[in-house]
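Here are a few notes to read alongside the model, for someone meeting it for the first time. Keep the structure open as you go through the points.

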Amino acid sequence: MNGGLTKVLAVVGGKGGTGKTLLALNLAYGLKHYGKTLLVDVDVDNPCSRTFIKSRPISREIVEEFRPRIDEGRCRLCGLCVQNCHQHALILIPGKRILLMPELCEGCGVCRLVCPFQAIEADWIEAGYIEEHKAVDGLDAIIGELKPTTRRTPLMILKTLRYAEKKFKDYDYVVIDSPPGTGSGIYAVMNFSDLIIAVTEPTRLGLRDFMKLYKLYEKAGSKEIFAIINKSGLRGEILEELRKQLMEMGISWIEIPYDEKVVKAYIEGSILIEDYPESPAAKTLESFIRKLVGRSS
């Protein structure tokens, strides 16, 4: 979906805690030495890249979300809106009124479509925002964030991706940091990318979630996928089993060793390859970045 020669890399992970965001940030900071790079953070429920890039936004666009407003003068209390609200955000109080539970509403608008009396009007709330940042020379960032009171995570992910896509042509590389999971939002991320970098860890849970992620990847069509086994070297790991699985699936991978400097960088909010370039994990990442650049040149 990108234009020109831009290379769009999506960093995904089936479960939280694999180190996905830290890897996405370090890839973005490493790639900026080879071409103008854009980091897109679509972990809209918990975007933490702002903590690491330490910059103020240069622009902010508000994202609005639909909320129904009941015109009680027109409403006949037929209950069709209540019956068709899959989130159960509307309650019929017989003989009195339709009550909205805003914390349950996902803003789908079905209630307005099914009302035969045109008694539901459109109201709008601030659902979140999309920020642009100038991180450092050669690296910009776009960050989407959903307000805690709203529930439409996949839609906010898509809006952030579409906002960012308009700028892809201005960059040599784009790194998308996705939320954990295997839902529709991750599917959208995959469709906006050229290369999918799946981050996992050598544990039973890591392998299980990687397989879920791979099933989603298969639905995304003709995309490339590459695996990163993070935290290699932990006790109780199933590294050999994971390697065998990747080999059988025909997926290339690299292994990033468990490294105390990674933990230190995360706590400090620093960039591993810049602040601890001699650490084993940083050296592995730098080698991977050079490989990525060689593939795209």
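**Notes on the model**

1. Let's begin with the layout. The chain is assigned domain 1 (2-53 + 138-296) and domain 2 (64-126), with the bounds coming from an automatic or database domain assignment. Please bear in mind that this is a predicted model, where local features need pLDDT of at least 70, side-chain atom pairs count only at pLDDT 80 or more, and totals for chains, interfaces and linings use all residues. Residues are numbered from 1 along each chain as its sequence is written, and side-chain values use heavy atoms, with hydrogens and water left out.

2. Five residues from domain 1 and 10 residues from domain 2 make the contact (heavy atoms within 4.5 Å). Between them the domains bury about 660 Å², 45% of it on carbon and sulfur atoms; buried area here is the accessible area (1.4 Å probe) that two parts lose on being put together, summed over both.

3. Take Glu 131 and Arg 60, whose side chains meet at 2.5 Å, N to O. This pair links distant parts of the chain: Glu 131 sits in strand β6 (residues 120-136) and Arg 60 in strand β3 (residues 57-70), 71 residues apart. Strands are DSSP runs (E, at least two residues), as helices are (H or I, at least four), numbered from the N terminus. Both residues also belong to a salt-bridge network with Arg 50 and Glu 145.

4. Is Glu 131 buried or exposed? It is buried, at 2% relative accessible area, whereas Arg 60 is partly exposed at 48%. The cut-offs are under 20% for buried, over 50% for exposed and partly exposed in between (1.4 Å probe, protein chains only).

5. Two single residues are worth a click. Gly 13, in the loop between β1 (7-12) and α1 (20-31), is buried with a relative accessible area of 1%. Beyond its neighbours within four places in sequence, Gly 13 has contacts including Lys 20, Ser 178 and Leu 213. Pro 280 lies in helix α11 (residues 280-296) and is partly exposed at 47%.

Conventions:
Salt bridge = Lys/Arg side-chain N within 4 Å of Asp/Glu carboxyl O.
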